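Below is a short briefing on one protein chain. Look through the sequence and the 3D view before reading the points.

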Amino acid sequence: MRVGMIGWRGMVGSVLMQRMREEDDFARLEPVFFSTSNIGGQAPTGAGGLAPPAASDGPTSREAKNLDTVTSRQAQMGAGGRARAGTSGQAPVEAGGKTSTGAGGGAPADARDGATLKDAKNLRELAACDVLISCQGGEYTTEIYAPLRASGWRGYWIDAASTLRMADDAAIVLDPVNRRVIDEAIGRGLRTFAGGNCTVSLMLMAVASLFQNGLVEWMTTMTYQAASGAGAAKMIELVNQMTRLTDPVRKSPSENALEIDRMTIAAQRDASLPTQEFGVPLAGSLIPWVDREMPGGQTREEWKGTAETNKILGLAPTVPVDGICVRVGTMRCHSQGLCIKLTRDVSVEEIEQILARGNQWVRVMPNNKESTLHCLTPTAVSGTLNVPIGRIHKLVMGPLFLGAFTVGDQLLWGAAEPLRRTLRIIREHMGA
Ligand code: NAP
């Protein structure tokens, strides 16, 4: 099976590459690497897979006729169940997956085939693949997907971007939650699959079982989203801002908290602080706005709550999911404070049991300070497939109102992991 990888050096792509290597996903595959910025450069190592076939299994003549739409333009451009945390101060033990802490892409060429990076806008090269996995972003999908399909390409398209998620002929993939939907989609010939929004996917990894048990009348989710959720360049800017904020204190050490505060705010407000990506300081601050404006006062990130949750779970009637999405100065992991209006009064103990049975990665944490500090933070969760949920208690509004807090690595279950698992599911269906 020839699998084209697009956007493999970005945040999501790097983590996807790492996970595919860890899980040996490249075995018996013929991977082909594409680039928008380094065409002809060296493809990454460790993903050699099969040697390329002697003869090209490229596009049919009908496809070939339609393949130059974008090409000509670019030519000019040159663990199961409930895991109660103790008070040992340990981070949650990971199960059902391996730790992923670093980026995977960008290494020198794989000597096995001397592979070079192909042009990600060359429809002919793309159409020669059975499966394309894009982590390149929505603009790329908008530019390439329609002409590629119009050319007659009938391969599988697996995408991290939001562009195609709500299309009728696309399924949103999160197989621990909606495997049945994915199997049915493949069975009826659907060939376009999109990973869900990162906060929606992580929320569902934690609480889908409550929806599936008919227990959710509505839910609010107040998010705390990491800089890396906005891409590699933004995460780098956050780190540069952090350095600039701590520089003055390092140069003029002070024990006076107000003096340190003054120096930090002065650095944040200094016109020379790098803000090209976020527009404002994020280090030592937050931005209560993620994605673009939508009618009715929501941002698009907030709009995705209802839209994607209901599509992923196939809910009818629609269950409202809404809240305020906030970018915070964390590196990795999206956290969410949930308020759930239950359809009936269910005890906290029963809710915890339902949650713990949801999937093998959810971790139900006891509502105490020790567990919360050590297990329910981005620092504890980053690079793991665990999705802890804690602070579970009834709110003072009444017995139907449940509060909870959940953290998950948005680059894993919120992005890369469902994509690589979808590739596996497709291979299973194809017997490849
Ligand atoms: P990204 O880090 O900005 O990478 C996208 C592309 O940007 C790369 O493939 C690369 O393309 C180019 N790029 C430019 N500067 C780069 C740099 N300094 N380092 C690495 N690559 C750089 O974007 P992303 O966060 O991976 O997001 C990709 C898609 O997934 C988006 O649609 C996003 O909405 C979606 N998504 C992201 C997350 C997340 O947590 N980040 C979660 C869920 C969904 P070339 O190699 O061709 O130059």
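Of the 432 residues of the chain, 44% count as buried; a residue is buried if 20 or more other C-beta atoms lie within 10 Å of its own, exposed if 12 or fewer, and partly exposed in between, with C-beta atoms placed from the backbone. This is a predicted model, in which local features need pLDDT of at least 70 and side-chain atom pairs count only at pLDDT 80 or more, while totals for chains, interfaces and linings use all residues. Residues are numbered from 1 along each chain as its sequence is written. The chain has 14 helices and 15 strands; helices (H or I, at least four residues) and strands (E, at least two) are DSSP runs, numbered from the N terminus.

**The seven-strand sheet**

- Seven strands form an open sheet with parallel pairing, in the order β3-β2-β1-β4-β5-β7-β6; two strands pair if DSSP finds at least two bridges between them.
- β3 (118-119) and β6 stand at the edges with a single partner strand each, so one side of each has no neighbour in the sheet.
- Strands β1 (residues 2-6) and β4 (residues 131-134) run parallel and are joined by four bridges; V3 has V131 as its bridge partner in β4.
- Three bridges link β5 (residues 156-159) with β7 (residues 192-195), again in parallel, and W157 is opposite T192 of β7.
- β6 (residues 171-173) also pairs with β7 in the parallel sense, over three bridges, and A194 in β7 is the bridge partner of I172.
- From β6 the chain passes through helix α6 (residues 175-187) to β7, a right-handed β-α-β crossover; right-handed means that, with the strands pointing away from the viewer, the path from the first strand over the helix to the second runs clockwise.

**The six-strand sheet**

- Another open sheet has six strands in the order β10-β8-β12-β15-β14-β13, and its pairing is mixed.
- The edges are β10 (321-322) and β13 (362-364), each with a single partner strand, so one side of each is left without a neighbour in the sheet.
- β8 (residues 216-224) and β10 run parallel, joined by two bridges; M219 has V321 as its bridge partner in β10.
- Helix α11 (residues 348-356) packs on this sheet and touches β13, β14 (387-394) and β15 (401-408); residues are in contact if their C-beta atoms, placed from the backbone, lie within 7 Å.
- The direction of α11 makes about 165° with that of β14; axes are lines fitted to C-alpha atoms, for helices over the stretch in contact, and angles run from 0 to 180 degrees between N-to-C directions.

**Around the ligand**

- There are 25 residues around the ligand, of which G10, S37, A160, A161 and G231 come nearest; a residue is near a molecule if its C-beta atom, placed from the backbone, lies within 6 Å of it.
- Helices α1 (11-22), α8 (232-251) and α14 (412-430) each supply at least two residues of this shell, and α1 has the largest share, three residues.
- The shell has 10 nonpolar residues, 14 polar and one charged; Ala, Val, Leu, Ile, Met, Phe, Trp, Tyr, Cys and Pro count as nonpolar, Asp, Glu, Lys and Arg as charged, and the others, Gly among them, as polar.

**Buried and partly exposed positions**

- P281 is in the loop between α9 (257-269) and β9 (286-287), and counts as buried because it has 24 C-beta neighbours inside 10 Å.
- Apart from neighbours within four places in sequence, P281 is in contact with Q241, Q268, L273 and T275.
- The C-alpha atoms of P281 and L238 are 8.1 Å apart, although 43 residues separate the two along the chain.
- T246, in helix α8, counts as partly exposed because it has 16 C-beta neighbours inside 10 Å.
- T246 and T264 are 18 residues apart along the chain, with 7.2 Å between their C-alpha atoms.

**Backbone exceptions**

- Most residues other than glycine have a negative phi, and most peptide bonds are trans.
- D24, in the loop between α1 and β2 (30-35), has a positive phi near 60°; D24 is exposed because 8 other C-beta atoms lie within 10 Å.
- C333, in the loop between β11 (327-328) and β12 (334-342), has a positive phi near 95°; C333 is buried because 28 other C-beta atoms lie within 10 Å.
- The peptide bond from A316 to P317 is cis, with omega near 0°, and P317 is in the loop between α10 (300-313) and β10.

Definitions and conventions:
Contact = placed C-beta atoms within 7 Å.
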